[in-house]
Amino acid sequence: RTLNFFVMGCFVDASWRVFRGQRPYLDFIYTTGPVHLYMNAFFFLLFGFGKWAILAHLVAVHSTVIAVTYAVGRRYLPLWAAFLAALLTTACFYWPISHPWYDQSAHFWGILGAGWLALRLPLSGKREAWWSGVFAGVTVVLSFMSKTNVGAAYGAAFFFALAGAERKWQALAGYAAGAVGAAGLLMLIVGSPRAYMDQVFSAYG
């Protein structure tokens, strides 16, 4: 229903730069996390730079969110209620915006992590607790480095969920390992943790 030319244009321009091999914070100024740009660039790689890549991004991300919502609802709710939750998700995630947006990218990763925990809890063994924590840690960093405030909220929610779970120490250790590993890999891709901190937190904050 809306096209914010300046903000959405900035995302498209920055994503095109990543698609062409530039790195955020080093080759151009960018004031939020890089994950949203790399998601856009992935679809540019598959479909070329243009509206079809944007449409594919919207459909793929939104469909995944609908599917996760239904799967979690189906575990805890009657069929009709799970279907209703999925139906509401179809109209409440990307329909109001209809353009790849960093809030939705952050929620996409957070919903994947939340869905995983909702389907795995209670954690039955040490190995399951560890890997569930790892997955939650990776997704929360991807969410945080899409949009900071959204990712921080998921980070707190996941921490308390795992801290209250069976085998909490294994789960929290996996959570820390997943988060540190994902953050380290993303900083390696970006190439300059200092530039990231300067532009995202010091200058923009």
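## About the model

This is a predicted model, in which local features need pLDDT of at least 70 and side-chain atom pairs count only at pLDDT 80 or more, while totals for chains, interfaces and linings use all residues. Residues are numbered from 1 along each chain as its sequence is written, and side-chain values use heavy atoms, with hydrogens and water left out.

## How H2 packs on H3

Let us start with two helices. Helices here are DSSP runs (H or I, at least four residues), numbered from the N terminus. Two packed helices are described by the angle between their axes and the distance between the axes. For helix H2 (residues 35-47) and helix H3 (residues 51-76), the angle is about 120° and the axes lie 8 Å apart. The axes are lines fitted to C-alpha atoms over the stretch in contact, and angles run from 0 to 180 degrees between N-to-C directions. H2 and H3 are therefore oblique to each other; angles under 35 degrees count as roughly parallel, over 145 as roughly antiparallel, 65 to 115 as roughly perpendicular and the rest as oblique. The crossing of H2 past H3 is right-handed (the near helix is turned clockwise from the far one by less than a right angle).

On the H2 side, the contact is made by Met39, Asn40, Phe43, Phe44 and Phe47, which meet Trp52, Ala53, Ile54, Ala56, His57, Ala60 and Val61 of H3. Contact means heavy atoms within 4.5 Å. The residues of this contact divide into 10 nonpolar, two polar and no charged. Ala, Val, Leu, Ile, Met, Phe, Trp, Tyr, Cys and Pro count as nonpolar, Asp, Glu, Lys and Arg as charged, and the others, Gly among them, as polar.

## Trp131 and the cysteines

Trp131 sits in helix H6 (residues 126-144) and is partly exposed at 48% relative accessibility. Buried means under 20% relative accessible area, exposed over 50% and partly exposed in between, with a 1.4 Å probe and protein chains only. From Trp131 to Gly178 is 47 residues in sequence and 8.7 Å in space, C-alpha to C-alpha.

Cys10 is partly exposed at 48%, and Cys92 is exposed at 55%. The disulfide count is zero, a disulfide being a pair of cysteine sulfur atoms within 2.5 Å.

## Backbone details in the loops

Leu121 and Pro122 are joined by a cis peptide bond, with omega about 0°. Pro122 belongs to the loop between helix H5 (102-120) and H6.

Ser98 is not a glycine, yet has a positive phi of about 60°. Ser98 lies in the loop between helix H4 (79-92) and H5 and is partly exposed at 40%. Arg167, in the loop between helix H7 (148-163) and helix H8 (168-190), has a positive phi near 55° and is partly exposed at 37%.
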